[in-house]
Amino acid sequence: MRRSLPILLGAVVLAGLASGLPAQAAPTPPQPPPLTWTDCPPDPLGIPVDPRLRCTTLKVPLDYDSPHGETIDIAVSRMQTAKPGLRRGILVHNGGGPGVASLNLPSAYVRAYPQDVLDRYDLVGFDPRGVGHSTPLTCGRTPAQLPDTLYLPYPAPDGSIDANVAFARDLARDCLAKGGHEVRYVTTANTARDMDQIRAALGESKVSYLSGSYGSYLGAVYATMFPERTDRFVIDANVDPTRVWQDEFRLWDPAAEVRFTDFAKWAVEHDPALGTTPDQVRANYLALADRLDHTPVVHPQAGPIDGNRFRGSFRNAYYHVLLFPRFAALWHFVDGSGPPPQIAVAPVIPGVPVDNIQASQTAVLCGDVASPRRIDSYRRAVREDRARYPILAGVGANIHACAFWPDPVERPVRVTDRGPDNILMVQNVRDPVTAYDGALGMRRALGHRARLITVDAGNHGAYDPSTPSCAVTGANRYLVTGELPERDLFCEPDPVPPGAGVARVALAGGSSLLGA
C-alpha cells in the first residue's frame, strides 16, 4: 500500500482456485521473434540492479483465444549465472502480490542462492502483464483516492461496511472504465501463458520456478496448464487453490490471531512496556485500537492514525519478525510514550501509473474467479469474524471491488495432481498472510506431484536466508539435485547465524494484498 505507516514489506501473494474445468493452453500463438537485450530500468524500490542483468521486451497476445490479434508488452530479465557443463536451464521468479513488479528479482536472488544453485540456472524475472513495464494498468486514481483502510477493507468501528461497499463499487467502476479492454485479460491463467511464451522465446524446453505467496498460485496454475514443460518447481507461502479468492482472504483474521502470539512473546522479551505477559500485550493492543477508533492520533506526515490504521500497521509488521520493532515504535507514538516514527513513501516509477499495484491486483483477483454478489453475505461474515478474531477486526471477510466486477472471461483453472512429481512446497506453520490451512489445501490439490516441508515459524515465507531452516536447505538441495523428500517433513528453524539480516522483503520487493 502506498504510505502504509511505518512498515513497507515484501511482495505479496494470495491465491486459490475455485472449482472449474482444467484450463487449456489456448490456441498456439505465433513463434516469438528474436529478442533484443538492453540495460534494465531502475528498480522501483531502489534495489540495485546487478550489472549482469539484461532486459528485453516480449510481445504476447492480449487474448490467447485470438493469438494473431492485439498484443501487449511483457518486460523480461535474464542473468546468465550457470556454468557450462553444469547448466540445467532457467529459474523463473515472481514477486507475489498480485501486482508486484518482478523484473529485478534476479538481482536480489543472486545474493540469496548458494553457488551450486547459481551454477545450474540462469535467473529470469518478468513484470507480469499489467504490471510495471509490462503494459501497465491504471484505474485513474491518485494515492489519496486509495486510502489504505478502504482498499484493504477494514469495517468501521461499529462494524458497518457501508463505506467499504461504496468504495468497492466505485473502484470497480473506475478500473473497468480506465483500464480499457486490457483489464479483463489480466489474469493468472494468462500470466501463466505469458510465462510459457517467455520459455519459448528463451529457447528452453522446460521451466524451473521459485516463488511464494501469490506466486505459489501462479506456479501451480502454470504446472497445471503446462505440466510437460515444468522442471523443478518450488512454491512457498502457499494458498489454497480451491479458495480463490474471497475464501482465501477470510483466512487472514484467524491467522493474524495466531501470529499475534509471536509478536506478544517478542514484546514481553524486547519491549515489556507493551505488556509483561502475552495476555497483557494482547489486552493492551485491543484497548489501544479501540481508543484510536474514537480518538485518532495525528502523525506529522501521515495524518490521523485511527484504530484501523493501527491494525493495518500490525498487519504490515507481521510479515517478518524484523519488522516487529517498527510496529512497536508506532505503538509507543500513538499511546504517547514515543516520538513519531518515520514513514516510508512508495516511489514514483516513470511511465508507470501511481495506482498500478492496486489496478493490476484488482484485475487479477476479479478476473480469476467471480466473487459473491450479495452484500448481506459480507455483512454477516464481517459481523462473525469481528467477534471471533478482533486483532484485525474482520478485514478478511469484507467486500472488494470483485463483488461488482463482470464474470471472468474464462473459467478458473482447477489445480490437480496430473503431471510429474516435481513440486516442492515450503511453508511456515504460523504464516499470517497465506495461512497453513491454505497450504494444506494446495497440498491436497497437488497430490502425488508435491512434497511439503513445514517449518515451526511465523514469518511470511519459509525460503528466507535470514531464517535458515530445513525449508531453505531442502529447496536448495532440490534445485541442485532434483531429489524430492520421500515424505512430507516438519522442522524447527535453524539457529540464526550472527549478523544475519537479509529479510525476505529484500527478495520480494513490494507491497500487496498477499505478500511474497
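The model is predicted: local features need pLDDT of at least 70, side-chain atom pairs count only at pLDDT 80 or more, and totals for chains, interfaces and linings use all residues. Residues are numbered from 1 along each chain as its sequence is written, and side-chain values use heavy atoms, with hydrogens and water left out.

**Helix 10**
- Helix 10 spans residues 307–317 (helices are DSSP runs of H or I, at least four residues, numbered from the N terminus).
- Eleven of its eleven residues are buried (under 20% relative accessible area, 1.4 Å probe, protein chains only).
- Among them are R309, F310, R311, F314 and R315.
- The cover includes helix 3, helix 8, helix 9, strand 8 and helix 11 (strands are DSSP runs of E, at least two residues).
- D306 caps the N-terminal end, with a side-chain oxygen 3.2 Å from the backbone nitrogen of N308.

**Nonpolar cores**
- The largest nonpolar core has 96 residues (buried Ala, Val, Leu, Ile, Met, Phe, Trp, Tyr and Cys joined through side-chain atoms within 4.5 Å).
- F263, F310, F314 and W331 touch the most other members.
- Helix 6 (residues 214–225) supplies the largest share of this core, eight residues.
- A second, separate core of 33 residues includes C40, M79, L105 and A462.

**Largest pocket**
- The largest pocket has a volume of about 450 Å³ (the space filled by probe spheres set on the grid points).
- Its lining has 20 residues, of which R259, W266, V321, F324 and N459 lie nearest the centre.
- Helix 8 gives the most to this lining, with six residues.

Notes. Buried means under 20% relative accessible area, exposed over 50%, partly exposed in between (1.4 Å probe, protein chains only). Contact means heavy atoms within 4.5 Å. A polar contact is a pair of N or O atoms within 3.5 Å; within protein, one must be able to donate a hydrogen and the other to accept it, and residues adjacent in sequence count only if both atoms are side-chain atoms. On a 1 Å grid over the protein atoms alone, a cavity is a set of points where a 1.4 Å probe fits but cannot get out, and a pocket is an open set with protein on both sides within 12 Å along at least five of seven lines; lining residues have an atom within 4 Å of a point.
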